[in-house]
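Please keep the sequence and the structure in view while reading.

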Amino acid sequence: MECTPAIFGRKSELYRIKNLIDGLKKGKKGTVFIEGERGMGKTTLVEKAVSQAEGIEILRVNFLPDRKNIPLSGFYDIPGVREAILSDKEAFFGEIFLINNYGILIAHESNIESDMDEDILGSMLTAVQEFVKDSFGGEGGLGKLEYGEKKILIEHGENSFMAAVIVGEEHPRMRGDMIKALEEIEKKMGDIFLEWDGDVEKIAGAVPLLRRLTDKRYLVRTSLEDINLQSEQIKILERLLSVIDGTNGPRMLVMEDLHWADEFSLLALEYLSRNLENSLILATYRKSGMEKRAVRFLDSVDAEKIILSPLKSEEIREIVTGMFEPSAFSDDFLNKIAADSGGNPFYAHEILLSFRESGIIYREKGIWKNSDEETRMPKTISELISWRLDHLERNELNVVELLAAAVGADIETLGDAVGVDGDFLANILKSLEEKDILIRNGSEVKFYHSGVREVVYDEMSQRWRLTTHRKLGEVIEERTGGEGDAVYRLAYHFSRSLDREKGIRYSCLAGERASASYAAREAIGYYEVALSIIEGYIPGHPAKNEVLERLGELYSHTGEYDKALRSFENVLKSCEKPRRIYRKIAEIYRKTGRYEEALENCEKGLESDGEDIEKGRIRSIMGAIYLRKGEAGKAMECYKEYLDISRETGNIGEESAAYRAMGSAHFHKREVEKAIEMWEKSMLTAEKAGDLTKKGYALINLGVAYRNMGKLEDARRTQEEALEMMRKTEDVYVQGQILNNLGTIYYMLGDFRKQVGAWEESLRIKKRIGDVVGAANIYNNLGVAYYEAKKHEKSAEYLEKSLEIFEKVGDVRGMAKELCNLVLPYSRLDRHKMIERLEMAERYIDSGEIEDLLPLLYRARMVALAASDDFEGAKREFEEHIDDVLGKYRDVEEWLHIKMDFSEILMEKGYMEAAKKELEEISEAAGKYGMERYRTIALEIVKKLDSEK
């Protein structure tokens with residue numbers, strides 16, 4: 001290019017970024033957002049920063065408008081990300097064998113490591129086929145072989161057969177693709193197989209067809225029912241973090257144009273910002289191009305923000321003289337550009353390019369000058385770019401418009417879409433580069449600035465857009481076969497074309513693919529597009545109900561329950577077997593506490609047509625409602641019917657869920673032994689079904705039951721087994737919950753080191769996944785534990801952290817709880833803070849509907865009075881309220897805490913016999929309620945008191 005824009009001004013912004021880069025080199029991490037409207041120089045600033053990052057690995061993530069609903073799309077530019085995200089969601093042919101009817105291996109393709117001998121396998125498969133034919137008669141042959149986890153699909157031709165080893169779950173399209181490939185192979189060379197002499201050249205044409213099969217990836221349909229969306233998203237974010245963290249550091253992650261990012265990518269940005277060490281994240285966006293929800297999200301991320309304001313007049317003048325060197329422009333000319341560009345460097349740059357092309361700027365004897373004629377400045381950037389586009393040749397404009405619709409494309413795709421040969425296209429691209437319209441990077445072509453693309457696309461006629469998108473869609477479909485990630489681009493193009501059928505088809509496939517990444521909002525976007533095409537052009541389309549049902553499921557996961565209900569109710573209008581839909585409607589009503597409406601839809605579901613297993617699922621919903629309403633007997637009847645149906649239909653997974661539900665009902669009725677029996681059966685059936693998640697949940701329930709029974713070793717064992725299960729399933733979210741449970745069990749066992757260790761590990765997970773309230777609760781646990789261990793400064797430190805989080809999120813109940821707890825360590829450290837915290841706690845509890853926290857307040861008052869040398873007041877507080885704690889509030893643990901604290905107060909005042917009496921009551925009650933830890937502590941103190949007599 002003859003002249004290129006340089007960066008001028010922005011010295012303070014560059015200085016701030018340079019400091020962050022220097023900090024990165026010293027091991028510090030950081031995140032910085034660069035906000036600026038179109039043309040303010042965000043990309044130029046970033047590139048300047050990148051040029052200063054010597055010795056730092058640069059990872060780039062670019063967001064584009066055609067990727068708006070593609071989950072984590074920009075991150076796919078980083079090697080290894082795509083494979084990590086979808087590794088367990090895709091099935092494929094690991095190996096394919098082509099064997100003639102004499103058992104001779106003709107060809108073999110593989111994309112996995114294998115220890116199988118090809119020739120032996122060919123002979124074996126042929127022998128098995130003959131055995132089946134001789135034993136059972138009939139035409140054809142064996143269609144499938146399974147051995148352990150190995151699955152082999154077999155398809156037969158006239159002179160040969162094909163055997164394919166499946167990796168992952170069998171997909172419905174696999175067998176059809178095998179049949180097509182085998183038919184094509186036999187059509188081309190079937191006669192050769194009859195008398196093949198071993199010459200590989202004769203059958204060379206078969207290899208590409210087999211390779212085409214091994215290259216295919218089949219997305220396994222993801223069930224959105226019975227999942228924890230947040231937990232599944234965290235699994236994916238953990239994999240993303242692992243890939244990026246596996247690169248060599250220090251590193252700079254450059255993320256451009258966040259205003260075009262999908263919502264899952266914004267979640268990823270927050271996750272990486274919080275957890276990616278030895279890294280600097282540099283992200284740019286236009287605030288005017290973002291949804292309010294996305295802006296609020298970015299505001300919540302802990303990051304520095306640089307807002308690019310318009311450049312000063314002298315800085316615009318520097319851009320002009322920097323682009324054209326040497327120059328002798330007049331001051332009036334320079335001042336006019338500075339004034340009319342409004343301080344926008346992109347606008348100034350476009351003005352200068354248009355002036356150069358029109359001859360207003362010209363070179364004379366090697367010096368750039370401006371003419372004296374009156375120059376009318378365009379009022380907007382759009383008007384300016386349009387003026388430049390008007391001067392393009394027809395072929396150039398055709399390429400530019402195709403690229404605008406494609407957003408970005410490789411040269412081969414452009415050539416196919418334009419319909420010109422490579423040399424002719426190369427000349428067009430070269431001309432457009434010289435005119436500062438496009439830039440090429442290897443085989444990729446894009447606009448030198450996104451603003452140019454937006455203007456080009458906006459000015460295309462509606463008819464031409466429809467035609468262009470269809471043309472691009474057909475080229476991409478031909479080149480990719482409409483497989484894999486290509487469905488996203490095909491959904492984008494065909495949904496904007498007149499090919500309605502393909503618009504619906506690929507939008508649904510894209511929605512399915514987004515669902516596989518648990519990107520609910522992105523999936524919703526694609527299904528809503530499919531539905532809008534159906535309702536706008538083909539109201540009776542056969543895919544309508546499927547789209548509506550899928551939308552209902554997704555809306556339910558995002559908490560948009562009214563939309564979910566409308567979607568499901570629309571399905572009912574033309575659904576032949578509506579039982580499943582009534583069940584899904586009932587589930588939403590149950591979730592939202594509308595129990596009567598839920599039960600009404602359950603009854604409708606039971607009376608309507610549908611699968612038998614749906615009756616069981618409906619009974620499960622009814623059981624949950626009755627349990628919530630306190631009707632445990634009715635709940636148990638429903639769960640038993642759920643179990644019977646699960647057994648009758650042979651659905652082991654549902655059987656495991658039924659046992660788990662029955663266990664909950666028994667537990668609710670305080671029939672702990674029966675609950676344990678049911679949960680053990682749930683665990684065993686889940687194990688039989690190979691469902692580690694269900695097994696883990698059963699173990700968690702068992703742990704809670706054992707803890708309530710005082711069987712603390714059994715509780716510890718089952719929770720540790722559950723933790724192992726959830727580590728295998730990569731469920732970090734549930735791991736945090738289990739570790740919290742384990743901390744409580746270790747606490748009750750009196751193992752302070754393991755108790756603190758479990759809670760601190762849980763805390764790390766809570767902070768990692770952004771569960772701030774969960775982190776606050778762990779800080780609370782640690783604070784209480786350190787108080788009981790007489791480590792009062794550490795206790796106050798953790799409790800203050802918990803209070804700070806609850807204040808930040810506006811959780812009044814959490815704040816009141818921590819204020820009460822803080823009274824305890826401050827009673828030993830700082831009486832002024834003790835009184836301050838107590839008064840604040842009283843105000844919150846007296847003003848809010850949080851009466852259940854009164855036992856904590858009674859304890860805090862008692863301890864505070866004793867610390868203020870008012871023993872009589874402390875004694876009075878204890879005597880007035882201790883019976884209410886156990887009777888009215890049924891808070892056994894807080895009752896024990898208050899009794900323990902009061903016994904300590906009595907001992908400090910010298911009332912040893914009275915203290916001993918309290919401790920004996922503690923020991924008796926702790927034994928009754930299975931609180932072994934308190935019993936042990938109380939007995940040890942009593943023993944010590946007796947020895948000191």
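## Strand S3 and its partners

Glu-95 has Ser-110, in strand S4, as its bridge partner. This is a predicted model. The pair belongs to an antiparallel pairing of S3 with S4 (residues 105-110), made of 5 bridges. Between S3 and S4 lie 4 residues, which makes the two strands a hairpin, and Gly-103 in that turn has a positive phi of about 85°.

Strand S8 (residues 218-219) runs antiparallel to S3 and is joined to S3 by 2 bridges, with Leu-219 as the bridge partner of Glu-90.

## Other strand pairs

| Strands | Bridges | Residues opposite each other |
|---|---|---|
| S12 (residues 361-364) and S13 | 4 bridges | Glu-364 and Ile-367 |
| S15 and S16 (residues 444-447) | 4 bridges | Ile-439 and Lys-446 |

S12 and S13 form a hairpin with 2 residues between them, and Lys-365 in the turn has a positive phi of about 55°. Which residues of S13 (residues 367-370) make up its covered face, and which its uncovered one? Trp-368 and Asn-370 are on the covered face, whereas Ile-367 and Lys-369 are on the uncovered face.

S15 and S16 are part of an open sheet of 3 strands, in the order S14-S16-S15, with antiparallel pairing. Its edge strands are S14 (409-410) and S15 (438-441), each of which pairs on one side only.

Helix H16 (residues 422-434) contains Ser-431. Is Ser-431 buried or exposed? Its relative accessibility is 16%, and buried means under 20%, so Ser-431 counts as buried. The side chain of Ser-431 makes a polar contact of 2.4 Å with the side chain of Glu-396.

After H18 comes Gly-481, which has a positive phi near 75°.

The buried residues of H18 are Arg-465, Leu-466, Thr-468, His-469, Leu-472, Gly-473, Val-475, Ile-476 and Glu-477. The helices against which the buried residues of H18 pack are H14 (394-406), H15 (411-418), H17 (450-459), H19 (486-494) and H20 (500-516).

## Nonpolar cores

The largest nonpolar core has 133 residues, and those touching the most other members are Phe-75, Leu-240, Leu-253, Met-255, Leu-258, Leu-272 and Leu-298. Helix H21 (residues 520-537) gives the largest share of this core, 9 residues. Another core, of 69 residues, lies apart from it and includes Ile-778, Ala-785, Met-840 and Leu-856.

What does Leu-253 touch, leaving out residues up to four places away in sequence? Its contacts are Leu-59, Val-61, Phe-75, Ile-78, Leu-272, Leu-280, Ile-281 and Leu-282.

Definitions and conventions
Residues are numbered from 1 along each chain as its sequence is written. This is a predicted model: local features need pLDDT of at least 70, side-chain atom pairs count only at pLDDT 80 or more; totals for chains, interfaces and linings use all residues. Side-chain values use heavy atoms; hydrogens and water are left out. Two strands pair if DSSP finds at least two bridges between them. Buried means under 20% relative accessible area, exposed over 50%, partly exposed in between (1.4 Å probe, protein chains only). Contact means heavy atoms within 4.5 Å. A nonpolar core is a set of buried Ala, Val, Leu, Ile, Met, Phe, Trp, Tyr and Cys residues joined through side-chain atoms within 4.5 Å. A polar contact is a pair of N or O atoms within 3.5 Å; within protein, one must be able to donate a hydrogen and the other to accept it, and residues adjacent in sequence count only if both atoms are side-chain atoms.
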